[in-house]
Amino acid sequence: MSTLVNALGFFTSSTPAAAATKDVRSKEEILKKRKDTIGSKCQIFYSDDPFMVSRASMQYLYDEKGNKFLDCISNVQHVGHCHPKVVDAITKQLSTSTCNVRFVSTQLTDCAEQILSTLPGLDTVLFCNSGSEANDLALRLARDYTKHKDAIVIEHAYHGHVTTTMELSPYKFDHGSTVSQPEWVHVAPCPDVFRGKHRLADNELTDEEKLYAAGKQYSDDVKNILDDVESRERGVAAYFAEALQSCGGQVIPPKDYFKDVASHVRKHGGLMVIDEVQTGFGRIGRKYWAHQLYDDGFIPDIVTMGKPMGNGFPVSAVATRKEIADALGGEVGYFNTYGGNPVACAAVISVMKIVKDENLLEHSQAMGEKLEVALRDLQKKHECIGDIRGVGLFWGIDLVKDRQTREPDQKLAIATILALRKSFGILLNADGPYTNILKIKPPLCFNSDNIMETVTALDQVLTLMNR
Ligand code: PMP
């Protein structure tokens, strides 16, 4: 990796220097402190030269010297870093009351109502603080309601860092984690028609028909797991999946896949849990939620959400139906010290208002269409781009060593993100099970100029690397 990176030393920096921040401590000093005080397994971006943030504003981050960077990484800061209206809503509520949900607050119920107005078919919300907590709660809800124990997850899936959600995450337990796959977790093939088990057939069918056929094969795989589990006198409480798999490889399941899976899962007495922690609140443009992408009437039993909803303020939630929520915990109530506190709810209400007032669904869709055109052109020019997948402001560029074999090119992905940072002031991340997928998931205020800047820089980097 470093050889490739060194080879890129000929780029000249194009990042204008802004005013330096007042804190006189050096980055080296802070990094040493971090090494001394923070757990060594705590992940960090750009580990050879970590990025220190001095401030952030909308789609831009500023490093310790005040240099400005275009941020294509931060999907959490959904409507823009430090959006003044979110900051205002949070600070106002912080100085009014921070009481937990054992006290009645207008923020809690207003927030729940607004979330539910985007999720037809669901009528109840429970609040938590992180995506992991929301998925853990979703599993417990499904178990208490169905009286089953098992779960089906998708290959490469990531659902969170707490023990139960690690147990639901092949992204962790297949990659050297001390948490291993328990007997109650069953892994279904990832519905990835590019690199997965069932790919688009090479025949006379239309693309739509090919996608449908592959989707059917993938949903049949889930049916087979359900039959097998039942034959062993076990029961599936929940099928867990992201509507569009993000960490697991930026995968968009074929149309009708979830609808078919839901009919199999429900026949076996299980629930459909859709993890929208990365994809919710309008990121995909066309719709508020990624599971609504196909307009096919598919309604999950439980939807979990997190990251973007507080624009950086910790908050998450589980939306479901009343009868499922009522089954939770037997005689034991649900209490979560910070979940649903009025400051968190004020943040969510404010984010949802901005999404509406600033037409961010329409904007994200329009930007996604522009990005797709530009990336398809780039793909024609660069053999190393095996596939591009995405919708709205949620894209993956799948880098390969060879288009025929589709062998992932992790080295190239890493060298590319380092060069984009160093020479173009653009922050991008690589992810997926082989860390070969460049991810573009910026704050939704990302604009047409930002798209052109990113794609042009990517073009130059790949050209200079002869790829
Ligand atoms: N689900 C998905 C799909 C995620 O991407 C993540 C975080 N990357 C989580 C759950 C866990 O969320 P958190 O880190 O807020 O616990």
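Author: Let's begin with polar contacts: a pair of N or O atoms within 3.5 Å, where within protein one atom must be able to donate a hydrogen and the other to accept it, and residues adjacent in sequence count only if both atoms are side-chain atoms. Before we apply that, note that this is a predicted model, in which local features need pLDDT of at least 70 and side-chain atom pairs count only at pLDDT 80 or more, while totals for chains, interfaces and linings use all residues. Residues are numbered from 1 along each chain as its sequence is written, and side-chain values use heavy atoms, leaving out hydrogens and water.

Reader: Which backbone oxygens does the side chain of Arg 389 reach?

Author: One is the backbone oxygen of Gly 249, at 2.9 Å. Another is that of Gln 250, at 2.7 Å.

Reader: Where does Arg 389 lie, and is it buried or exposed?

Author: Helices (H or I, at least four residues) and strands (E, at least two) are DSSP runs, numbered from the N terminus. By that scheme Arg 389 belongs to strand S11, residues 385-391. Buried means under 20% relative accessible area, exposed over 50% and partly exposed in between, with a 1.4 Å probe and protein chains only. Arg 389 has a relative accessible area of 10%, so it is buried. Contact means heavy atoms within 4.5 Å.

Reader: How many of the residues of S4 are buried?

Author: Five of the five, so S4 is largely enclosed by the rest of the structure. In a regular strand the side chains alternate between the two faces of the sheet. Here Thr 124, Leu 126 and Cys 128 are on one side, Val 125 and Phe 127 are on the other, and all are buried. Val 125, at 15% relative accessibility, is in contact with Ala 112, Leu 116, Ala 317, Val 318 and Ala 319 beyond its neighbours within four places in sequence.

Reader: Which strand is joined to S4 by bridges?

Author: Two strands pair if DSSP finds at least two bridges between them. S4 has five bridges to strand S10 (residues 316-320), and the two run antiparallel.

Reader: In what order do the strands S1, S2, S3 and S14 form their open sheet?

Author: The order is S1-S2-S3-S14, with mixed pairing. S1 (55-57) and S14 (426-427) are at the edges with a single partner strand each, so one side of each has no neighbour in the sheet. Inside, S2 (residues 60-62) and S3 (residues 68-71) pair in the antiparallel sense over three bridges; Tyr 60 has Leu 70 in S3 as its bridge partner.

Reader: Finally, how many residues surround the ligand?

Author: A residue is near a molecule if one of its heavy atoms lies within 4 Å of it. The count is 14, and the closest are Gly 131, Ser 132, Asp 275, Gln 278 and Lys 307. Oxygen atoms of the ligand lie 2.9 Å from a backbone N or O atom of Gly 131, 2.5 Å from a side-chain N or O atom of Ser 132 and 2.8 Å from a polar side-chain atom of Gln 278. The protein covers 86% of the 400 Å² of accessible area that the ligand has on its own, by the Shrake-Rupley method with a 1.4 Å probe. H5 gives the largest share of the shell, three residues.
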